[in-house]
Amino acid sequence: QVQLVESGGGLVQAGGSLRLSCAASGRIFSHYVIGWFRQAPGKERELVAAIKWSGASSVYADSVKGRFTISRDSAKNTVYLQMNSLKPEDTAAYYCAQAKGWNIEYDYWGQGTQVTVSS
């Protein structure tokens, strides 16, 4: 059983930055993948970024490349999403989730944290 708890959301002006955290507890293996997703009202959920717990590989959505950075601290069992140059279109509920590898369904989800970017 894995539990994921997000934090760090809030209200920020366009151009600002936020750092989201996803603290994990339970059984974690280096080949597992943690992904950050977001969902805005009326829109489908989308994968923003993902990383292996080992840190060996990561992926980003085109819309956030160059602005967002995903990283992990294995000692703290925490994955971070550093979000810079935020835009109003980044406004969404952000969720972290865990999968047992790339291209495997994400089967554990956090409760989400809201990010609102004002123009």
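Which residues form one aromatic cluster? Select Phe37, Tyr106 and Trp109, and you have it on screen. Keep in mind as you go that this is a predicted model.

**Stop 1: the rings**

Stay with Tyr106 and Trp109 for a moment. Their rings make an aromatic pair of the tilted kind, with 6.3 Å from centre to centre and 55° between the planes.

Now bring in Arg45. Its charged end sits over the ring of Phe37, 5.6 Å from the ring's centre. You can find another arrangement of this kind by selecting Arg19 and Tyr80: here the charged end of Arg19 is over the Tyr80 ring, 4.1 Å from its centre.

How many aromatic pairs does the model have? The count comes to four. Pick Phe29 and Tyr32 to see one that is edge-to-face: the ring centres are 5.3 Å apart and the planes meet at 70°, which is over the 60 degrees that this label asks for. Phe29 is partly exposed, with 34% relative accessible area, whereas Tyr32 is buried, with 10%.

**Stop 2: the disulfide**

Next, select Cys22 and Cys96 and show their side chains. A disulfide joins the two, with 2.1 Å from S to S, and the count for the model is one disulfide. This bond ties together distant parts of the chain: Cys22 belongs to strand β3 (residues 18-26) and Cys96 to strand β9, and they are 74 residues apart.

Why is this disulfide called right-handed? Look along the S-S bond: the torsion about it is around 70°, so the disulfide is right-handed. Are its two ends buried or exposed? Cys22 is buried, at 1% relative accessibility, and Cys96 is buried as well, at 0%.

**Stop 3: an open sheet**

Switch to a cartoon view and colour β1, β3, β8 and β7. These four strands make an open sheet in the order β1-β3-β8-β7, and their pairing is antiparallel. Which strands stand at the edges? They are β1 (2-7) and β7 (68-73); each has a single partner strand, so one side of each is left without a neighbour in the sheet. On average, neighbouring strands here are turned by 15° against each other, direction ignored.

Zoom in on β7 and β8. The two run antiparallel and are joined by six bridges. To see residues facing each other across strands, click on Arg72, which stands opposite Val79 in β8.

**Stop 4**

**Stop 5: the loops**

Last, head out to the loop between β8 and β9, where you will find Asn84. Asn84 is partly exposed, with a relative accessible area of 30%.

Move along to Ser85, in the loop between β8 (78-83) and β9 (92-99). Check its backbone: phi is near 50°, a positive value in a residue other than glycine. Ser85 is partly exposed, with a relative accessible area of 40%.

Where is Asn103? Look in the loop between β9 and β10 (106-109). Asn103 also has a positive phi, about 60°, although it is not a glycine. With a relative accessible area of 85%, Asn103 is exposed.

Methods
Residues numbered from 1 in each chain as written. Predicted model: local features only at pLDDT ≥ 70, side-chain atom pairs only at ≥ 80, totals over all residues. Heavy atoms only, no water. Phe/Tyr/Trp six-rings, centres within 6.5 Å; stacked < 30°, edge-to-face > 60°. Buried < 20%, exposed > 50% of the residue type's maximum accessible area, 1.4 Å probe, protein only. Lys NZ or Arg CZ within 6 Å of the ring centre and 35° of its normal. Pairing = 2+ DSSP bridges. Axes fitted to C-alpha atoms, helices over the stretch in contact; angles between N-to-C directions. Disulfide = S-S within 2.5 Å.
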